[in-house]
Amino acid sequence: MGAIERAIEHAVGGVCRAVLWVSTSVIFVILCGNTVLRYATGSSLQWGNEVPELLFPWLVMAGVVLAAQHGAHITTTFLMEKLPFAARRPVTALAWLSVAALYAVLSVATFRMLEIVHDEKSPILHVPGSVTYGCVMGGMLMLAVLALFSAWRAWQTSEPPTAGVDAPQVPQPHW
């Protein structure tokens, strides 16, 4: 699973970084352009407020997935650290499997809503609401996959870390 797992994680990270850069850049350019137009001409782009509103969920979901991939979410680990290593490994793997299952449930629930929100259109550009919900669903699916990989890594950890040595750590759940 090592090479396939790394390839999938690399692809998830690459997609999220691209979405993050593109959405941030487009939002920045539109907001700056709109500000210049307001001060220079007293008018603005009619769609100038709508595009950042549509891109912001993409920006957020890409950031959430990248943060999860890098373990950058706030975690509470002191209870897990109190467990003996023999208990920590299965508890951590089970926790990650629970996280993956919850993200999968959220993905399915979002998928079921896509048809409903597709009829909702943005006022100026008429972009369906399913575009935004689709990005949330995609982010939840990516989070579920990353959680499954973390569960696998937690289960595969076979020896306790040695103090002061860069030994592989049991991945901690991020709840």
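**Exercise 1. Is glutamate 9 buried or exposed, and which residues does glutamate 9 touch?**

Solution. 
- Step 1. Glutamate 9 has a relative accessibility of 17% in this predicted model.
- Step 2. The cut-off for buried is under 20% relative accessible area. Glutamate 9 therefore counts as buried.
- Step 3. Leave out residues up to four places away in sequence. Glutamate 9 then touches Gln69, Leu146, Phe149 and Arg153.

**Exercise 2. Which residues form salt bridges with arginine 153, and which parts of the chain do the pairs tie together?**

Solution. 
- Step 1. Side chains of opposite charge can pair when their charged atoms come close.
- Step 2. Apply the cut-off: a side-chain nitrogen of Lys or Arg within 4 Å of a carboxyl oxygen of Asp or Glu. The count comes to 2 salt bridges.
- Step 3. Take glutamate 5. Its closest O atom and the closest N atom of arginine 153 are 2.1 Å apart, and the two residues form a salt bridge. Arginine 153 lies in helix H5 and glutamate 5 in helix H1, so this pair ties together parts 148 residues apart in sequence.
- Step 4. Take glutamate 9. Arginine 153 forms a salt bridge with glutamate 9 too, with the closest N and O atoms 3.1 Å apart. Glutamate 9 is in H1 and arginine 153 in H5, so this pair links parts that are 144 residues apart in sequence.
- Step 5. Join the pairs. Shared partners connect Glu5, Glu9 and Arg153 into one network.
- Step 6. Check accessibility. Glutamate 5 has 8% relative accessibility and counts as buried. Glutamate 9, at 17%, is also buried. Arginine 153 is partly exposed, with a relative accessible area of 30%.

**Exercise 3. How do the axes of H1 and H5 cross, and which residues meet?**

Solution. 
- Step 1. Set the limits. H1 covers residues 2-41 and H5 covers residues 130-156.
- Step 2. Read the geometry. The two axes come within 11 Å and cross at roughly 145°. The crossing is left-handed.
- Step 3. List the H1 side: Glu5, Ile8, Glu9, Val12, Val15 and Cys16. These meet Met142, Val145, Leu146, Phe149, Trp152 and Arg153 in H5.
- Step 4. Sort by class. The contact has 9 nonpolar, no polar and 3 charged residues.
- Step 5. Find the salt-bridge network in this list. Glu5, Glu9 and Arg153 are its members, and the three residues are among those in the H1 contact with H5.

**Exercise 4. Are H2 and H5 roughly parallel or roughly antiparallel?**

Solution. 
- Step 1. Take the values. H2 spans residues 50-69, and H2 and H5 pack at an angle of about 5° with their axes 9 Å apart.
- Step 2. Apply the cut-off. Angles under 35 degrees count as roughly parallel. H2 is therefore roughly parallel to H5.
- Step 3. Identify the contact. From H2 come Leu54, Pro57, Trp58, Met61, Val64, Val65, Ala68 and Gln69. Their partners in H5 are Val131, Thr132, Cys135, Val136, Gly139, Met140, Met142, Leu143 and Leu146.
- Step 4. Divide the residues by class: 14 nonpolar, 3 polar and no charged.
- Step 5. Look back to Exercise 1. Gln69 and Leu146 are among the residues of this contact, and both touch glutamate 9.

**Exercise 5. How are H4 and H5 oriented to each other, and where does leucine 148 lie?**

Solution. 
- Step 1. H4 runs over residues 85-118, and its axis comes within 8 Å of that of H5, crossing at roughly 165°.
- Step 2. Angles over 145 count as roughly antiparallel. H4 and H5 are therefore roughly antiparallel to each other.
- Step 3. The crossing of H4 and H5 is left-handed. The contact has 24 nonpolar, 7 polar and 1 charged residues.
- Step 4. Locate leucine 148: the residue lies in helix H5. Leucine 148 is partly exposed, at 43% relative accessible area.
- Step 5. Beyond neighbours within four places in sequence, leucine 148 is in contact with Leu97 and Ala100.

**Exercise 6. What pattern does the chain follow, and what share of its residues count as buried?**

Solution. 
- Step 1. Count the elements: 5 helices and 0 strands. Along the sequence the pattern is α-α-α-α-α.
- Step 2. Turn to burial. The chain has 175 residues, and 34% of them count as buried.
- Step 3. Turn to contacts between residues at least 6 apart in sequence. Of these, 70% join residues at least 24 apart.

Notes: Residues are numbered from 1 along each chain as its sequence is written. This is a predicted model: local features need pLDDT of at least 70, side-chain atom pairs count only at pLDDT 80 or more; totals for chains, interfaces and linings use all residues. Side-chain values use heavy atoms; hydrogens and water are left out. Axes are lines fitted to C-alpha atoms, for helices over the stretch in contact, and angles run from 0 to 180 degrees between N-to-C directions. Helices (H or I, at least four residues) and strands (E, at least two) are DSSP runs, numbered from the N terminus. A crossing is left-handed if the near helix is turned anticlockwise from the far one by less than a right angle, and right-handed if clockwise. Contact means heavy atoms within 4.5 Å. Ala, Val, Leu, Ile, Met, Phe, Trp, Tyr, Cys and Pro count as nonpolar, Asp, Glu, Lys and Arg as charged, and the others, Gly among them, as polar. Buried means under 20% relative accessible area, exposed over 50%, partly exposed in between (1.4 Å probe, protein chains only). Angles under 35 degrees count as roughly parallel, over 145 as roughly antiparallel, 65 to 115 as roughly perpendicular and the rest as oblique.
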